[in-house]
Amino acid sequence: MNRKIWATPFIVWMVIFTLAPIVLVLIYSLTDASGAFTLDNFAAFLDPIYINVLLRSIGMALLCTLICLLIAYPAAYFLSQKDIDKKGVLILLFIIPMWMNFLLRTYAWLTLLESNGLITSAVNRVLSLFGVQQEVRLLYNYGAVLMGMVYNYLPFMMLPLYTVLSKMDRSVIEAAEDLGANRAHVFTRVVFPLSLPGVASGITMVFMPAVTTFVISRLLGGAQFKLFGDLIEQQFLFTGNWNFGSAMSLVMMVLLLVSMGIMNRFGDKEGGGVL
Amino acid sequence: MKKLSLLLAALLLTLALTGCSSAKESITVYNWEDYICPEALDLFTEETGIEVKYVRFTTNEEMYIKLSRGGSSYDVAFPSDYMIERMIANDMLMELDHSALSNFTQNAQWLQDPDYDRGSRYSAPYMWGTVGILYNTKMVEGGSIDSWGAMWDTQYQRNVLMMDSVRDSLGVTLCYLGYDLNTRELSELEAARDKLVEQRESGVLLAYGVDEIKDKMANNEAAMGLVWSGDAITSIDINPDLAYCVPQEGSNIWVDGMVIPKTAKNYEGALKFINFMMRPDIAAMNSEYIGYSTPNQGALELLDDELVDDPTFNPSQDVIDRCTFFHDVADVIDMYDRIWVEVTAN
């Protein structure tokens, strides 16, 4: 009974900064400008133009999550091996970018990827060595947006994977080896299944911010490839239609809730994961 | 015990100090980001003894939402023309007592009676400027531009930067098509939409941007970009190959004014502040610092001839005549919103 007191600050925090805003969003989404109940905001959302943007956002986020997983898993697996030299430094290198504001880092990409920028001019120089005269442009396309997303969210995939893999009981792996499993078998039958909770929480932690992103698409995509987050922002800051903006936010929240539910099925099995 | 009394003494001292500063007269000013010379604020406090709390915003809409939803009170705000119009319509502004604004007559004649606020009953002009094309003289054919048509010319593949701003990008497109940039006609907006989609699909457009346009232009990343005149001056300073024009088809002209919201707590102090900002030496100081054009005729006499003779900084009367103010389109904002989504969401 007494121990519940310790949770009070957290509960108060949750009520004020999480629950109350969600209730407000819900109220706004179900009312019109005059405050009367309506479902029009959701009906307006069913327009193909908005659905298309939503699907594009989900597609981009899934792709971003997949790329993060493909990069982070081997890296985390490698780092989790006991006999790595300077392991601490390598892990630190993964985390250091997070010490800087994400907006600043995205602005930096804006300069690096421009036509006269460091990366683009280097790439073009290398290409011309191989006889390719066509100049490539790296900024203001889907690729640039995807790159910005992967760059920003990779640590969120890396950390849970590393935690799960490095905590894994070595004796289980040794047992598998003793029983005659080759390395591929050990990985597919033992290591990977045991790391699923980490995979699940990594996917959730990357997918959620990726699907709601809006600054990256604006800066690196040149605002030509609107994502769902951009549309919500426009409703609040330009149009001033908080009701429609809230309805869109709610659709997004439900979507995230569903995806979290799916992920939890994997994560819960071993009692791991973040959720 | 000793510690406790020390703590108590410290507490009392803090109370005394805060009590002291709250007794001093102060005003809260709500202005655009990076839009005033900090020295001007110090001078104001020095001369009047009124302390200035300075708060910043980045878009008119953001400022409007803050003011209309209440919660915080500001004594002076700096909205643009169309937003002043909307705030007057929504009864959010106090009338200015012109007897306390001795410097008001310093303003250019055409800005003493603007069409967004007839007779300047609610607002006094602070800065003004135009919207036009900033272009790179080495990257455009013939080295100069005088029409919006250049922004649709297919020889400039991936070389045109537009503003990620509904009113500005749609507005100049409407001008190009010969329509009113405050149109309420859906058919005209749809024509402008098709024109903007054409600009994307023909490969001319490089990106929509806001603050980054002036950097990209300075770095020779594009042949031309849609900018505000003040930003043009900043970029031309960095890169002398750049030039600015207000196309012959006409464009948008804008004014940022100073107003006193209904929620203001220190009306007298706010008036003093507005009058101070219109004093020629202060107006010149601000204009020089931020690079935007001042409506203050006395200030123009104090500024460098080189700057005053620069048509970007101080456009001729015929440029002013072919430009139009934005007016509030809040009643048809859904239409504008929809058109912009259709342009950028495909």
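Tutor: In this predicted model, the axes of helix H5(B), residues 166–176, and helix H6(B), residues 186–201, come within 9 Å and cross at roughly 100 degrees. Helices are DSSP runs of H or I of at least four residues, and strands are runs of E of at least two, numbered from the N terminus. Local features need pLDDT of at least 70, side-chain atom pairs count only at pLDDT 80 or more, and totals for chains, interfaces and linings use all residues. Residues are numbered from 1 along each chain, with chains lettered from A in the order in which they are written.

Student: How is H5(B) oriented to H6(B)?

Tutor: Angles of 65 to 115 degrees count as roughly perpendicular, under 35 as roughly parallel, over 145 as roughly antiparallel and the rest as oblique. H5(B) is therefore roughly perpendicular to H6(B).

Student: Which residues make the contact of H5(B) and H6(B)?

Tutor: Two residues are in contact if their C-beta atoms, placed from the backbone, lie within 7 Å. H5(B) supplies Ser169(B), Leu170(B), Thr173(B) and Leu174(B), while H6(B) supplies Glu188(B), Ala192(B), Lys195(B) and Leu196(B).

Student: How many residues of chain B are in contact with chain A?

Tutor: Contact joins 24 residues of chain B to 19 residues of chain A. On the chain B side, H14(B) gives the largest share, six residues.

Student: Which residue follows H11(A)?

Tutor: H11(A), residues 228–239, has twelve residues; Gly240(A) comes after H11(A), with a positive phi near 75 degrees.

Methods
The expected span of a helix is 1.5 Å times one less than its number of residues. Axes are lines fitted to C-alpha atoms, for helices over the stretch in contact, and angles run from 0 to 180 degrees between N-to-C directions.
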